[in-house]
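The following note comments on the coordinates shown below.

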Amino acid sequence: MIAFLTSSPCVYRAPRAIINPENRFLVNLISCLPEHPRCLYAASDPDHGAFTDRIAQETSRAFALAGLEFSQSTVLDRRNQDEAEELLACSDLVILCGGHVPTQNRFFRELDLRSLLRDYPGVVLGISAGTMNAADRVYVQPEEEGESAPDFPRFAEGLGITDLNILPHYQQVKDYELDGQRLYEDITYADSMGECFFALPDGSYFLVEEDGTTTLFGEAYCIQNGECRQIAELGDVVAFGNDEETE
């Protein structure tokens, strides 16, 4: 399996879905896929099929306009979850959709997607929540009202695609407030004691190759032990190894 773990592959605040040309994302993705790949969209909310159908249509259209046309696009949700193994076998690209992390995490565990992906020979593209749930041990960053409470489960088992905890949309949410607290300074920084989180703005991504080699493309921040530091800028390429980033 090869995995692209993104904040979002699309341009932030564009009037319609447009694939972001930054950091060689599209070039690198196309190089890993057949000419007209078969795409499977794994839903973030399995019970809202119309929402995922719309996201799949918009995303497939954006990729086609950018020069990557899918030969088929299928949504995996509650309607066909019993066919998950067969659908995976008939796909070249699995897109883990964005949405609410705990909701998607529960669905992925129902599917036993972690086991199904273990020997998957294709490419996985994580988007937002999908990228967060790609971790071995997922940091469930509070998002909705009430989730900042101390008893809200902050960690869950993920898909095991990476050991990294990746936080998406940093440019958009870094100044958010939740339940009267600052999302990052008051909540995430406190949760980072003894942990390490990587915050990505849209356009940045991690590439995880078949042998586990991991490379960061683009701007990123490391949040660890209550502190945040920038580790890369737009256009940078940073190789990761031995649990530390190296130039």
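Predicted model: local features only at pLDDT ≥ 70, side-chain atom pairs only at ≥ 80, totals over all residues.

1. Is Arg79 buried or exposed? Arg79 is exposed, because its relative accessible area is 53%; exposed stands for over 50%, buried for under 20%, and partly exposed for the range in between (1.4 Å probe, protein chains only).

2. Residues are numbered from 1 along each chain as its sequence is written, and side-chain values use heavy atoms, with hydrogens and water left out.

3. Regarding overall dimensions, the chain has 247 residues and a radius of gyration of 17 Å, which agrees with the value near 18 Å that a compact globule would have. This radius is taken over C-alpha atoms, and the globule rule is 2.2 Å times the number of residues to the power 0.38. Along the principal axes, the C-alpha atoms fill a box of roughly 45 × 40 × 40 Å. Of the 247 residues, 53% are buried.

4. The secondary structure comprises eight helices and 17 strands; these are DSSP runs numbered from the N terminus (helices: H or I, at least four residues; strands: E, at least two). Helix 4 (residues 101–111) is largely enclosed by the rest of the structure, because eight of its eleven residues are buried. Among those buried are Val101, Pro102, Phe107, Phe108 and Leu111. Asp112, which follows helix 4, has a positive phi, near 55°.

5. Asp53 is partly exposed, with a relative accessible area of 24%.

6. Arg78 and Asp47 also form a salt bridge through their side chains (2.9 Å, N to O). Here too distant parts of the chain are linked: Arg78 belongs to the loop between strand 3 (72–76) and helix 3, and Asp47 to the loop between strand 2 (38–42) and helix 2 (49–65), 31 residues apart. Arg78 counts as partly exposed because its relative accessible area is 33%.

7. Lys174 and Asp175 form a salt bridge, with 3.4 Å between the closest N and O atoms. Asp175 is exposed at 59% relative accessibility, whereas Lys174 is partly exposed at 31%. Elsewhere, salt bridges that share partners join Asp47, Arg78 and Glu110 into one network.

8. Asp82, Glu83, Glu85 and Glu86 gather in a surface patch of negative charge. Such patches are made of residues with over 30% relative accessible area and no salt bridge, like charges being joined within 9 Å. Asp and Glu count as negative, with the charge placed at CG of Asp or CD of Glu. Glu86 lies in helix 3 (residues 84–89) and is partly exposed at 48% relative accessibility.

9. Finally, Glu209 occupies the loop between strand 12 (205–208) and strand 13 (214–217). Its relative accessibility of 36% makes Glu209 partly exposed. Glu209 and Val123 are 86 residues apart in sequence, with 9.5 Å between their C-alpha atoms.

Conventions:
Patch = residues over 30% accessible without salt bridge, like charges linked within 9 Å, V, L, I, M, F, W, Y side chains within 5 Å. Areas by Shrake-Rupley, 256 points an atom, 1.4 Å probe, with all protein chains shown as cover. Salt bridge = Lys/Arg side-chain N within 4 Å of Asp/Glu carboxyl O.
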